[in-house]
Amino acid sequence: MVWITSMGLAVGLTMIVFLLGMIVYNGLEVFWPKPVVRLELREGSTAGLNNAPAFGGVIVKTQEKAVQVLASEGETLAPQREYQLFVGNKDVYGFGYKFVDNTEIVAESRPPEIVVAERLEYGNAIFVPKELKLADGNTVTGDDRQFEATLESLVDEGNKRRTEIRRIERDQIGDLNRKFDSIRLARRSIEAKGGELSPADREKLAELDATSTALQAEYELKAAKARELRDLQHANQIVYTTLDGAERTLPTGDLIGFYYPNTLSLPGKAGLFVHRFWSFLSDEPREANTEGGIFPAIFGTFVMTLLMSMAVTPFGVLAAIYLREYAKQGVFVRSVRIAVNNLAGVPSIVFGVFGLGFFVYFLGGTIDRLFFSLSLPTPTFGTGGVLWASLTLALMTVPVVIVATEEALSAVSRGTREGSLACGASKWQTIQSIVLPASLPGILTGLILAMARGAGEVAPLMLVGVVKLAPTLPIDTIYPFVHLERKFMHLGFHIYDLGFQSPDSEAAKPMVFATTFLLILLVVCLNLGAILIRNHLRKKYRTSTF
Amino acid sequence: MPAADTMTETRAIRPKEQSTPAAGAPTPIEGPFDQAYIKIRDFNFYYGDNKVLHDLTLDIAERHVTAFIGPSGCGKSTLLRNLNRMNDLVDGIRHTGDILVNGHSIYDPLLEVIALRKRIGMVFQKSNPFPKSIYENVVYSLRVAGRNRKSELDEVVERSLRGSALWDEVKDRLDESAFSLSGGQMQRLCIARAIANRPEILLMDEPCSALDPIATAKIEELIHDLKREYTIVIVTHNMQQAARVSDRTAFFYLGKLIEYSVTKAIFTNPANPQTEAYVSGRFG
């Protein structure tokens, strides 16, 4: 028997280790820079790009050919293999990945002059640089010793300018837009009174018009400044040839970074790895989420999980206290308990539908009618948002917290309770100052389970507030700082979106692994945080072992 | 010696009583006495349909130690737990008769059970310190009564811990968890907690049953000292202990009071043959 049981454990452990290992390996491998090969094809081959005799890219994998040529009698064939190459330059080819038959290849090389550049659009470019056309009319050729340094400073400059443009367009112009919006609402609230306008109202309207004109002028100024900066981004250009020989020109302002993949030393690769990983963590997504980072998704998941915990804990704990401490134990309480336990087994999409119907349409709609009637028909709370998503998940995970809390409460010994009552404490005093502190570690265990389930849930969120791309974060520096009505991004949904809704599934695949890795990492971090708090409390409220 | 000098004030609600009997020589008190502090009258008690206490009538003297002895299941603990209405927590209980403390019925509907428990401290068989610091354990009864003045609490902690002969051992680590104490120390902490609010009566439910002989000796010594201030009722399985610490002893059997007398009389010259059989160890 011991063998069967241990085998069960071993199989489970192997599967988990394998799954985690695969996710970690594939998720991190994405960021490790790989060499670029240049492939020369046999004469007359059409396997390349644009019938060119050579092309190249990053070898993603090598595999047996899907369609094998059958050997005729007495003939032995060499193993028929093919490469999957990441060829980049999507703007030139229209695709990013290509299979090539090994028999078509005559020679492979790794020329040191090849550059991989990350761009704003069309993904990475893989090329041999030809020259830089600078704004002052000078040119720096690709084999010049100054080339790398010059390009680097141009890219840096471009990145700084891009941040500046972003600051102007998003923060300053966004700020102006909010002011325009409040003027519009103020005007509507005056006009909504109807009938003849009083002199005071008319005066106010005129005042609003004046402010509006002033704001418009300010807006023009900012927009002009942004345009000017944008034009500067196109001032310097890089001319390069792709590995199949096509020549392209690109403004350096469109580049985010570049490196020479075939000359990188190990520390250089490691540095690039860290840099790319960090960009992935801290940047916003680009190109339909297949490029750039996933910061908004991480942040959205974090905020939602936190809000959910804040909602589910008091709710679940109070319910459990009533069930365990106050309710008269009997058939009714037992059936309530069974119902609560079964609630944990209801499919999550059902909670999503309920959240949409109750929270979003009913509660949100009511709030909009009562407090945000001026901005109707544009909904404020009457549409999915981070608050409704958190509440929906809180509802879904509340049974977990109730069950764990009940367990913890019943573990507090009768002797301890009687000790408190004998000191002249009331029942509620006993609960709040003796029973609850002693059961906090157990309650936190419930919360950890709830968070683990909530953070990874996707289905209900799709109905109550998750979006593919959210322009703003749910918490920012603009008053009132926490925007509960905003839609948000979520790692789980991001995985679904990348993997199954993406126009280029090959390009998205590594991102899916990386995102999965981060989702797991986030859940682990949240849980570790809660476990640390729990252990601290356990030490503090260690119950008697005597 | 617990700081007797800090405890010299007497409360007005009690008649001044001079005699503090010297250890080992209890003052003989005969019959129902005037100073009876707790009066139990025709008390019957039921768990559901199960009658566990039968027509009990006995008086407990103020500032004496009264021991309840008897074999397991004889109802002595149940009676003790009725004195501060701890049995109220149990479903399906019922009683007839009455218990008077200082002349007032504890079942008076106007009396709040919380107020009653504030006047009656209790020490349990299994020490049950709260998951708090030593300091917070002692001042718990004051905190729940809404008394939070730091100077008062500090004073109470020192007085109570001295009173339970624990002060010297823990005075430097009052902020540590109560669970860092040894078993005997925990029980003395529970005693300190019970006397922090200066109750009138101290109920002890087999306070030494889980302790080693040295810790037991310390607590017995403590009971001797506490007798000057408190009316103590102790339930014990240990005959020697009853003989050592109590002034009067009540022997229960199957929910009935078999014999109640001065401790010395119970152990040397019991009137009832059942009592004799029990104290001499022939049954129970």
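In chain B, six strands make an open sheet, and their order is S6-S7-S8-S3-S9-S10 with mixed pairing. Two strands count as paired if DSSP finds at least two bridges between them. Helices (H or I, at least four residues) and strands (E, at least two) are DSSP runs, numbered from the N terminus. This is a predicted model, in which local features need pLDDT of at least 70 and side-chain atom pairs count only at pLDDT 80 or more, while totals for chains, interfaces and linings use all residues. Residues are numbered from 1 along each chain as its sequence is written, and chains are lettered from A and ligands numbered from 1 in the order in which they are written.

S6 and S10 (256–262) of chain B are its edge strands, each pairing on one side only. S6(B) pairs with S7(B), residues 201–205, in the parallel sense over four bridges. Within that pair, Met122(B) stands opposite Leu203(B) of S7(B).

Next, the helices. H7(B) lies across S6 and S7 of chain B, running at about 170° to S6(B). Axes here are lines fitted to C-alpha atoms, for helices over the stretch in contact, and angles run from 0 to 180 degrees between N-to-C directions. H7(B) also packs with H8(B), residues 213–226, at an angle of about 20°, the axes being 9 Å apart. The two helices are therefore roughly parallel, a term for angles under 35 degrees. Gly183(B), Gly184(B), Gln187(B), Arg188(B) and Ile191(B) of H7(B) meet Ala215(B), Lys218(B), Ile219(B) and Leu222(B) of H8(B). Contact means that the C-beta atoms of two residues, placed from the backbone, lie within 7 Å.

How many residues of chain B are in contact with chain A? There are 24, and they touch 20 residues of chain A. Elements giving two or more residues to the chain B side are H2 (113–119), S6 (120–123), H4 (140–144) and H7 (183–195) of chain B.

Last, two backbone details. Most residues other than glycine have a negative phi. Tyr122(A), in the loop between S6 (115–119) and S7 (125–133) of chain A, has a positive phi of about 65°. Ala165(B) has a positive phi too, near 55°, and sits in the loop between H5 (150–163) and H6 (167–170) of chain B. Are these residues buried or exposed? Tyr122(A) counts as partly exposed because it has 18 C-beta neighbours inside 10 Å, and Ala165(B) counts as buried because it has 20. The cut-offs are 20 or more other C-beta atoms within 10 Å for buried, 12 or fewer for exposed, and in between for partly exposed.

Definitions and conventions: Angles under 35 degrees count as roughly parallel, over 145 as roughly antiparallel, 65 to 115 as roughly perpendicular and the rest as oblique.
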